[in-house]
Amino acid sequence: MKLVLDTNVVIAALISHGMCHELLEHCAINHEVVLSPFILDEVREKLVRKFEFSLHEADDVVHLLKSRFEIVKPLKLGAPICRDRDDDTIIGTALAGHCTFIVTGDQDLLVLSTVQSIRMVTPADFWALENRDA
């Protein structure tokens, strides 16, 4: 299955060894993870600004993500869907990648529930779906 891991999930996976870290590893092995230059830029920026990574360390992380996951150019949406325009880019990434899920902690996305057959789910809800289907 193809899915987008939102920036907040990727960041959580990189800075701690909790659920998001395990989810990232699981998805890398069992699914097709789709990211975009927009998500990669957000990851880089937040690692440097919020978590005090050096620019070199953040660039190494982005390089690793590019080498492991599919990178797509987000589709432009005809009209805004989300209150936050950045979230429209996340949806555009999922549409361009023909994804089934967006895994996110962003309430502005989660409140939408589904957009054009793409389901918005939290990391915990995605784990529950994975365990149910196992």
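Trainee: Leaving aside neighbours within four places in sequence, which residues is Pro 80 in contact with?

Mentor: Keep in mind that this is a predicted model. Pro 80 sits in the loop between strand 3 (70-71) and helix 5 (85-96). Its relative accessibility is 57%, so Pro 80 counts as exposed. Leaving aside neighbours within four places in sequence, Pro 80 is in contact with Arg 85 and Asp 88.

Trainee: How far apart are the closest N and O atoms of Asp 88 and Arg 85?

Mentor: Both residues lie in helix 5, three residues apart, which is about one turn of the helix. Asp 88 is buried, with a relative accessible area of 5%, while Arg 85 counts as exposed at 55%. The two form a salt bridge, and the distance between the closest N and O atoms is 3.4 Å.

Trainee: What type of aromatic pair do Phe 101 and Phe 126 form?

Mentor: A search of the whole structure finds one aromatic pair. The rings of Phe 101 and Phe 126 are 5.4 Å apart centre to centre, with 80° between the planes. Planes over 60 degrees apart count as edge-to-face. The pair of Phe 101 and Phe 126 is therefore edge-to-face.

Trainee: Which residues have the most contacts inside the largest nonpolar core?

Mentor: This core has 43 residues. Its largest share, five residues, comes from helix 5. Not counting residues up to four places away in sequence, Ile 102 touches several residues, including Val 4, Ile 90, Ile 91 and Leu 109. Those with the most contacts inside the core are Leu 5 and Ile 102.

Trainee: Is Thr 93 buried or exposed?

Mentor: Thr 93 is found in helix 5. Not counting residues up to four places away in sequence, Thr 93 touches residues that include Val 34, Ile 39, Val 72 and Leu 75. Its relative accessibility is 0%, so Thr 93 counts as buried.

Trainee: What is the phi of Glu 52, about?

Mentor: Most residues other than glycine have a negative phi. Glu 52 lies in the loop between helix 3 (37-49) and helix 4 (55-68), and counts as exposed at 70% relative accessibility. Although Glu 52 is not a glycine, its phi is positive, at about 55°.

Trainee: Which residues make the nonpolar surface patch of about 220 Å²?

Mentor: Start with one of them, Ile 15, whose place is in helix 1 (residues 7-15). At 41% relative accessibility, Ile 15 counts as partly exposed. The patch is made by Leu 14, Ile 15 and Phe 51.

Technical notes
Residues are numbered from 1 along each chain as its sequence is written. This is a predicted model: local features need pLDDT of at least 70, side-chain atom pairs count only at pLDDT 80 or more; totals for chains, interfaces and linings use all residues. Side-chain values use heavy atoms; hydrogens and water are left out. Rings of Phe, Tyr and Trp (its six-membered ring) pair if their centres lie within 6.5 Å; planes under 30 degrees apart count as stacked, over 60 as edge-to-face and the rest as tilted. Helices (H or I, at least four residues) and strands (E, at least two) are DSSP runs, numbered from the N terminus. Buried means under 20% relative accessible area, exposed over 50%, partly exposed in between (1.4 Å probe, protein chains only). Contact means heavy atoms within 4.5 Å. Patches are made of residues with over 30% relative accessible area and no salt bridge: like charges are joined within 9 Å, nonpolar side chains (Val, Leu, Ile, Met, Phe, Trp, Tyr) within 5 Å. Accessible areas come from the Shrake-Rupley method with a 1.4 Å probe; for residues, only the protein chains shown count as cover. A salt bridge is a side-chain nitrogen of Lys or Arg within 4 Å of a carboxyl oxygen of Asp or Glu. A nonpolar core is a set of buried Ala, Val, Leu, Ile, Met, Phe, Trp, Tyr and Cys residues joined through side-chain atoms within 4.5 Å.
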